[in-house]
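Trainee: I am new to this structure and would be grateful for a close look at a single part of it. Could you please take me through the salt bridges?

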Amino acid sequence: MKKLCYALTAVVAFTGAASAQNLSIATGGTGGTYYPYGGGLAELIGKYIDGAQATAEVTGASVENMALIAQQQSDLAIALADTVYDGYNGSGAFDGRAVADARALASIYPNAVQIVTLADSGIAGLSDLKGKRVSVGAPGSGTEVNAQAILTANGVSYDDFEPQRLNFNETADALRDGDIDAGFWSVGPPTSSILNLAATRDIKLMSLTPEQIEAASAEEPVFAPYTLRAGLYDGMEVDVPTISIPNVLVVNAAMDEEMAYQITKAMFEHVDELIAVHPAANDTTPEFALSSTPIPLHPGAIRWYEEAGHTVPDKLRP
């Protein structure tokens, strides 16, 4: 896999008196997929957009990222579709504070909810989490939003166990050291923190039943069934049914139309370079974007899709 310095600032030669435009990309923790994907996108921006440079920033992920877009403290952000939908509509965690100026460039790949425990923990299903120590994700993360929705829809509340709000690397370390019994990840598989954990401990990924998936999907319409394939991590010998949620590349409506166009163009036309950074980018396609984006697209993105011969659904027009 191509190695990148993800806190990079990728700069290209720029002619003219104006200074280069510096773009901030809000991602997540270093143990997930947002950060390397954002680093790859930063490199594409610096390489293919004249006069632009970008930096991938570590954040608390989805909920925080939508707030950064609302406040225009970040130029681009990656966030889970349910969080993006709630932010745009002023529901859920964004009740009374809608991010009405949020616009999408694309849905870029699906996250899979991955519930991990050690192989000898005796935890086989959601009901076994009761009385245990469970990481539900970092505060302000899409992982916690997803965990709450899945648990609530299936009759499990935070009162039933000891919740820990840890980021991906902290969750993996706590499982390794026996400080927690299970942890939630909502991230593009495979993810480095689980890969590293599986290299040092025998792990087990918890399956969700068809009934649990159906109940969770009724709670969150952006949820969709997903299968984590056998062999994804060391010791994972069988397929594991779970839930997936699209990840969305979000900007503020105030972004310059030409910049939004150029970013969308660079991402899709050089996706092979993103795939070299992380395999999750195999799902970065116009077809996935146009079928799974939950909020209106930026006009600059719409221009690229139409120029490339794609039909933009009416519901994605601002």
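Mentor: One definition is needed at the outset: a residue is called buried under 20% relative accessible area, exposed over 50%, and partly exposed in between. Please bear in mind that this is a predicted model.

The structure holds 12 salt bridges. One of them joins the side chains of Glu 257 and Arg 303, at 3.4 Å from N to O. This pair links distant parts of the chain, with Glu 257 in helix α8 (residues 257–269) and Arg 303 in helix α11 (residues 299–307), 46 residues apart. Because its relative accessibility is 25%, Arg 303 counts as partly exposed. Glu 257 is also partly exposed, with a relative accessible area of 38%. Both residues belong to a network of salt bridges that links Glu 257, Glu 258, Arg 303 and Glu 307.

A further salt bridge is formed by Asp 181 and Arg 133, whose closest N and O atoms are 3.2 Å apart. Asp 181 lies in the loop between α5 (168–177) and β7 (182–187), and Arg 133 lies in strand β5 (residues 133–135), so the pair ties together parts that are 48 residues apart in sequence. Arg 133 counts as partly exposed, at 27% relative accessibility.

Asp 239 and Arg 229 also form a salt bridge, with the closest N and O atoms 3.3 Å apart. Both residues are in the loop between β9 (224–228) and β10 (240–252), 10 residues apart. Asp 239 counts as partly exposed at 38% relative accessibility, whereas Arg 229, at 53%, counts as exposed.

Definitions and conventions: Residues numbered from 1 in each chain as written. Predicted model: local features only at pLDDT ≥ 70, side-chain atom pairs only at ≥ 80, totals over all residues. Heavy atoms only, no water. Salt bridge = Lys/Arg side-chain N within 4 Å of Asp/Glu carboxyl O. Helix = DSSP H or I, 4+ residues; strand = E, 2+ residues; numbered from the N terminus. Buried < 20%, exposed > 50% of the residue type's maximum accessible area, 1.4 Å probe, protein only.
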